[in-house]
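Subject: Structure handover

Hello,

Here is the structure for your files. My notes follow below it.

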Amino acid sequence: MIKPRIIVTGATGKTGSVVVSELLEAGYPVRAMVHREDARSARLKAHGAEIAVADMSDVERVADALKDVQRAYYCPPIDPYMIQGAAAFAVAAKEVRLEHIVGLTQWLASPSHPALMTRQSWLVDRLFSMIPGVAHTIVNPGFFADAYLATIGLAVHLGIFPWMYGNSRNAPPSNEDIARVAVAALMDPARHAGKSYRPTGPELLGAVDMAKAIGRAVGRSVRVVPTPAWLFMKAARMRGYPIDVFSGVRYYIDDHKRGAFELGAPTTDVLDVTGRPAEDFETIARRYAAQPSNQRTFGNWLRTFAQFMITPLSPGFNLDRYYRELRPPFPSVPLFATDSKVWRREHAIADTLKPAAPGHGRAPIAATSRGQWLEF
């Protein structure tokens, strides 16, 4: 029996690359959609994937990429024009009579969130659900374990774990588990059509819990260091993260403090969908600790220490200017996820929420000339 061809967008990314690998291993023909041909796309091609180069907002190239495709994993690009790309994808999906879209979205997705990407994620979910004849499955994780382990080098070399999220907790999933849930849904549309899954790790963890797990993974004592958001943003800019991502992350820090990722977690979705238990945080941390840059060498220590000392003196993102130049739409009454009645209803969250601890509530916010929120 010939298996359906599946297109994977964001195919060189953290979940997309795993989706491609898992599908190829299962014998599915895979078309990997990428922004450009590079070493990462070459590796996918070497493993058997067909490569399609297309920008998500390029309607004609997206339509070409979807020809002769039956199913799709849609990983949205993190850019302010996400909704245009999703509309182009939806048009093409209808034209080729796609069977099934498995879409990666956000646990926070809601219509009035201050983060543009989060509002657009909510719209994309609904757009795909309205395409005639196309089944749709939603995968909506919260913060990935990857977000916390991006700083594991500091734990390896300096014994510290930066933490911006107050006394809140999360049950963070691995990139691999998120991808495996998507793959299982792609393989069996009849079972998963119309459903929404929230992959999580097996247990809720706070800062101390994560630091202990990282310590066991790297073989040393690791202590939690409360870190202001402004310093975290400077470090992110130094490491080359795009401003598009952190224009939303600044709000997600506050969502985290307010307990948005604790609500409804942990789930058993990874086990229920894939038949395999979710990976625990320590197991994930051990993979990151094994990376070359996290080995205990003098060169790695020196680089980490130098970056640590320079970070407070480095420039951060100019988010005020970013929004002035972008001029995005903004809700008249912006609401964090936990304040949104729509979000609570769609996520089956009760109206009674745990109040934030003193000093860990909502950050002061001011409006710019175009109504955007800026945190201090």
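Predicted model: local features only at pLDDT ≥ 70, side-chain atom pairs only at ≥ 80, totals over all residues.

Residues are numbered from 1 along each chain as its sequence is written, and side-chain values use heavy atoms, without hydrogens and water.

The pair consists of α12 (residues 243-257) and α16 (residues 319-326). Their axes come within 11 Å and cross at roughly 115°. Axes are lines fitted to C-alpha atoms over the stretch in contact, with angles from 0 to 180 degrees between N-to-C directions. The two helices are therefore roughly perpendicular to each other (65 to 115 degrees).

On the α12 side, the contact (heavy atoms within 4.5 Å) uses I243, D244, F246, S247, R250 and Y251. They meet L319, Y322 and Y323 of α16. By class, six of the contact residues are nonpolar, one is polar and two are charged (nonpolar: Ala, Val, Leu, Ile, Met, Phe, Trp, Tyr, Cys, Pro; charged: Asp, Glu, Lys, Arg; polar: the others, Gly among them).

Now the whole protein. It has 17 helices and 11 strands (DSSP runs: H or I, at least four residues; E, at least two; numbered from the N terminus). The C-alpha trace spans about 55 × 50 × 40 Å along its principal axes. Buried residues (under 20% relative accessible area, 1.4 Å probe, protein chains only) make up 52% of the 376 residues.

Best wishes

Terms used. Parallel < 35°, antiparallel > 145°, perpendicular 65-115°, else oblique. Buried < 20%, exposed > 50% of the residue type's maximum accessible area, 1.4 Å probe, protein only.
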